[in-house]
Every structure is written in structure tokens, then in C-alpha cells.
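Hi everyone, thanks for coming. Have a look at the sequence and the structure, and then I'll walk you through some contacts.

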Amino acid sequence: MNNEVVEPGAAPNSLPISLNTPVASGDGSIVFEASTQTPTSEVLDEPIFTNKACSLKKSGHSVSALENIHRMRHHGQLCDVILKIGLEKFRAHKVVLASVSAYFFAMFNGEMKEQTQSEIAIYDMDPTAMDLLLDYAYTGQLTITADNVNVLLPASSMLQLQEVREACWRFLLKQLHPTNCLGIRSFADTHSCKELHLKSHAYALQNFQQVVNTEEFLLLPFEQVQELISNSQLNISSEEDVFTGVLNWVKHNLLEREKYISQLMVHVRLPLVNREFLINKVDNERLLKDHSECRELLIEAMRYHLSPEQRCGLSNTRTTDRKPKGANPYIYAIGGSSLFAIHTECEVYNPKTDLWHNIAPMQWRRSRTGVVGLRRLLYVVGGYDGASDLASAECYNPLTNTWSNVTPMGTKRSSLGVCTFDGLIYVCGGYDGASCLTSVERLDPLTGIWSSCPAMNTRRRYCRSAVVENAIYAVGGFDSTTYQASVEKFDPREGKWQSIPSMSMRRSSCGVGALDGYLYCIGGGDGTVCMSSGERLDIRRMAWEPISNMNSRRATHDVVSIRDYLFAVGGTDGSSSVTTMEAYEAKSNKWISVKSMSYRRGSIGAAVLDCINLEQVLKQTRILS
């Protein structure tokens, strides 16, 4: 008869407790004493009793079990497989490997020879990656760094650890920079990481202005250079950068790469480079002179420059502006005046975030100026600096947050109308310091040359201009004696102005914009009062109709359009300059207030320009407010 004392709760005839079994401690915890002498403590949840059973649950059971198994692996206990990479060997448990990796699950559960092997050779994998991934298999923890991601991503792909693979490419996505994006794109392509490849390629296109100056670009193979420069979504401030990038790439290894010059130059949009660059750089480049195909491209560009009126008939891919993906419209508020100050300060509004940010100030103080966006640049023309009316002009590059000079107009002009048509900038009327003007001139940004156009029928100071359906409209203004309700239309193809039906009210210093085939005229003054009313011209019926009033009276403001909205920006309310802006939705015929500017801006100039990551550029140049 067995006379040994049985612990309360123990099964009859149970064996005495040994050192390798869980021992109940006085505090209700269980200590696992493995032979490695590395105990762990786990707390039991309070048992749940019913009439027929007792339910026991231990929190973190699976986690603690894996921790124990992980300790066993490090001590070589109960391991049933050795993974060999070169001279390095890693002990592991097949069941753990198969539970986390589809690769090992198939190996150990199929009819592969490795199923019965105790030592398995793994090829094409870095030992460091295997060590990290084995730790991850047992612990579920892994730290990805710039030092190990290059070996972890291919290793996790091979072992089919999808969550690790995804974490690796997301980490690389966070590391994208103009100096490494091409290398990351190539790495993603090599390892069939489609999403990382697409996003790094998009990043390279969006940041090509910086990418083209990197060593990675110079080391690209021909096919990848061709793929980049042929893309219509390339984000550049000017085509000159593409031309320079191609030449730098070719000259980096001239003996091997000169044969590609014609194949690459066909993708450079030479008709869109400015005339000075075309004559001084392109025409004098020896590599182009030595290839007949390149000479033909140069002749095409020169023909395009010499015939502004015929450019529509010369259009092809090389005469079409690139349109970067991801570009969003921004509203620029330029110069203006408040109290006794005339501003150089400028700011920009992002409709998506409803926020204003400061940008670099202009080179000159300007109010009553003309502002327009064309291609990738913002042009500011004429105006008043507090002492005299201006003929000068300058342009803003949002990719660099800098201003540069533009050829001055032939005539000083403030309070002018400005618009763009077929890649040319037209300025109408204004004031030269002595008289109200009827004269019109236009700037070809490609040549930097201003040329005279047919004069308007009416002198117009404080007028505004807009383009609707291939015609330029000059609206309202002041002729030195009368506030105007008259409107006239100019078709550049016909080369003459013609009067059209007048507005219902006299409007000087009004805001004018185009939206969905309508010409809008909003606010302004009639010589007695600053107005909040507006009206629009139905171009097809040539008839004016009223729209709802703005929330505020405005004159000397500007109006711009974005998609389905018109924005009335700044101006005066009849007594002082304002910071406010409001938006008009044509479908609902309603005005809504939006975020105000930082500065009071009467006699403001405003325009819309599509930009990519503008806030990032401003932050890098330490201007972001």
C-alpha cells in the first residue's frame, strides 16, 4: 500500500512533484523551472466556478509559451532542425518555423526531401537577416533600420513573411529622398515589390528637379533615363533642366553613351525652352551638331519660337506642357496695400487644407499689379510702388520659392488687366502715371519679348481681364472721367477688339473671372459706393444676369477660379483694406467665407498656380509659417 502523502487536489496515485514541473507558490503564481535555470512567472486569472465545472484561463499563455521555447532555442533544447547559411548554423524548431512562414510550412509538410532532414542549407540569404527573422518568428518583434532593410526585404520575401516584407517597403518609403529614390526604385524592381516601385518612381518624377542632379541619375542605364524624361508627368520648372540632365548623363560616359543622344533628345521639349537658352546653349552644343536628327529638333524649336501666331498648327508632344501628377491648385495673394504701406510680402492659400502660408517676398513693392499663372511659374507685371507706376515684371518659381526678373513692359502700367492665352501673357489698359490707357501688349515667355497688340476701343484704368472660349474680355474700369459699364472682346486670331453688351451697372476696380463658359464681374465701385453685387455674362446668349451678393462689399480685390468655385480675394470694403476671402459656388449661387489672409491687402493681385508639395518646399526654405 502506498503511504505517501498526496497534496490536496492532486490526482490519486500521482507521482511526487519533481524539479522540472510547475510549482505553486504562496502568492498564487506559477514558476516554470526549466533545466536552463531561467524561471518565468505567470499570473493565473481568477478561476470561474459553476455547478458542474471550473473554468481556468491564464493570461498571455501563448506569449509566455513562445518566450520559453525561444529560450530553449538559444540553449539548443528540443531543436529539431538546423538551418545552414554558408558557414553559419541556426538551431530552430520546425513547428515554430512552419507556424509563421508559408515557405517552411510547405517544406516540412510536403514531400520535399528537407522534411526529414535535420540540417537544411538555405541559399541566397544573408545570415544577419536569418538571425533577425528567427528572433521575429519566436517573439513577434523586429527592428528595421537603414542598415538591415536591404537584407530583410529579400529574405522576408523568400520566407513569405508578408508582414515583414510590407514593413520593410513602408520603411523604405519613409526614407525616400532625391538622392536615393532611383536606387530604391531599382531595389524594389529587383525584388518585385510593386507598390514600392510605383511610389518611388512617382517620387522621382515629382522631384526630378533635384533628382536630375544626383549621382544616381548619372549611373542609370539608357532605358531608365529614356523612361524618365519621356514622361509627361515630370515635375520641372523649365525644360532647360531636362536638356541639361540629358547632356550631363551622356557626357558622364561619352564613349559609350553618345550613340543615345538622338534617342534622348527627341523626348526633350526644345520648343518650350526660352530663346536665350536655345541660342546660347542648345545651338552651340557640339553633340547636337554632329547628329542630323538633333539638328532637325533644333530647327523645329526655332520655327516654333519665330511664329507665335502659328503655334496651334505646330503642336505636338514636344510643344505640350508636362502635367505632373499630384499637382493641386493654390491661390497666390501678391503685394497690395494697407494704410500707408505697399507690400512686397506675398502669401499662398491651399484650398484643401484651408490654410495660408507666407512665401518669399517680391523684389519690388507692388500694388495695383497684374498677376497670372502660366505653365509652372507665377508672373507679376507692372503696378505701383508708392512713388511711381511700374513697367517692371518678375516671376515666382514654386519649386525653389524664389523670384527672378522678367523683361519689362514697353509701357508703365498700374491698375491693369492681365490674362494668358495660348501661352502668351496679355496686359490691357491701366495707368502710366499721366493718363488712362487703351494700349495692349503681350509677352512671349519663351522669347522674353513684349510686342504691341491692337488697342482697345475705350481707355480703361482699374479694369480686369479674363479669357472665355478663345477670346479676351476687358471689363469695366475708369476712363479718367467715367466709371465704365462697357465691355469689349478681343479675338487674337482676328486681331481686333469689338464691343459687346454692357453690364447692368458701372464697375471700376471690380473682380473678373471665368467659370464654366460664363464671364463673371463681381463687386467694384460705381463712383459713389463700394458694391457687393455681381453679374455674369452668358457668352452664347451675350446677355448679362445677376448673381447673389458677396458677404462683404469689395473693390480693388481680385477674383480667381478653381474647379467649381470663384474666390474673391482681399480688396477694400469702402473704408479700409481687408484680409478676408470668400468663395462662390455657381450651382448653389451662394457665397461662403473661407480662411482670411495674414495681411490686409487692398489693390491686390491674385492668381492660381498648380503646385506639388508646396508646403514641403516652403518648410525646406524655412518660410513656412
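**Salt bridges and a domain interface**

Let's start with Glu119, which is partly exposed because its relative accessible area is 34%. For that word, buried means under 20% relative accessible area, exposed means over 50%, and partly exposed is in between, with a 1.4 Å probe and protein chains only.

Before I go on, a word on the model. It's a predicted one, so local features need pLDDT of at least 70 and side-chain atom pairs count only at pLDDT 80 or more, while totals for chains, interfaces and linings use all residues. Residues are numbered from 1 along each chain as its sequence is written, and side-chain values use heavy atoms, with hydrogens and water left out.

OK, so what does Glu119 meet in a salt bridge? The partner is the side chain of Lys89, at 3.5 Å from N to O. By salt bridge I mean a side-chain nitrogen of Lys or Arg within 4 Å of a carboxyl oxygen of Asp or Glu. Glu119 sits in strand S8 (residues 119–121) and Lys89 in strand S7, so this pair ties together parts that are 30 residues apart in sequence. Strands (E, at least two residues) and helices (H or I, at least four) are DSSP runs, numbered from the N terminus. And why can such pairs form at all? Side chains of opposite charge can pair when their charged atoms come close.

How many salt bridges does the rule count? The count comes to 23. Another one is Asp321 with Arg375, at 2.7 Å from N to O. This pair links distant parts of the chain, 54 residues apart: Asp321 is in the loop between helix H17 (292–306) and strand S9 (328–334), and Arg375 is in the loop between strand S14 (370–374) and strand S15 (377–384). Asp321 counts as partly exposed because its relative accessibility is 30%, and Arg375 is partly exposed too, with a relative accessible area of 29%.

Then there's Arg493 with Asp491, where the closest N and O atoms are 3.2 Å apart. Is Arg493 buried or exposed? Arg493 counts as exposed, because its relative accessibility is 62%. Asp491, on the other hand, counts as buried, at 10%. Elsewhere, salt bridges that share partners join Arg536, Asp538, Arg541 and Glu545 into one network.

Now let's zoom out to the domains. The domain assignment gives domain 1 (63–175), domain 2 (220–313) and domain 3 (328–624); bounds like these come from an automatic or database assignment.

How much area do domain 2 and domain 3 bury between them? About 1100 Å², with 50% of it on carbon and sulfur atoms. Buried area is the accessible area (1.4 Å probe) that two parts lose on being put together, summed over both. Asn235, Ser237 and Arg311 supply 45% of what domain 2 buries against domain 3, more than any other three residues.

Across this interface the rule finds one salt bridge. Arg311 also forms a salt bridge with Asp444, their closest N and O atoms being 2.4 Å apart.

That's it from me, so over to you!
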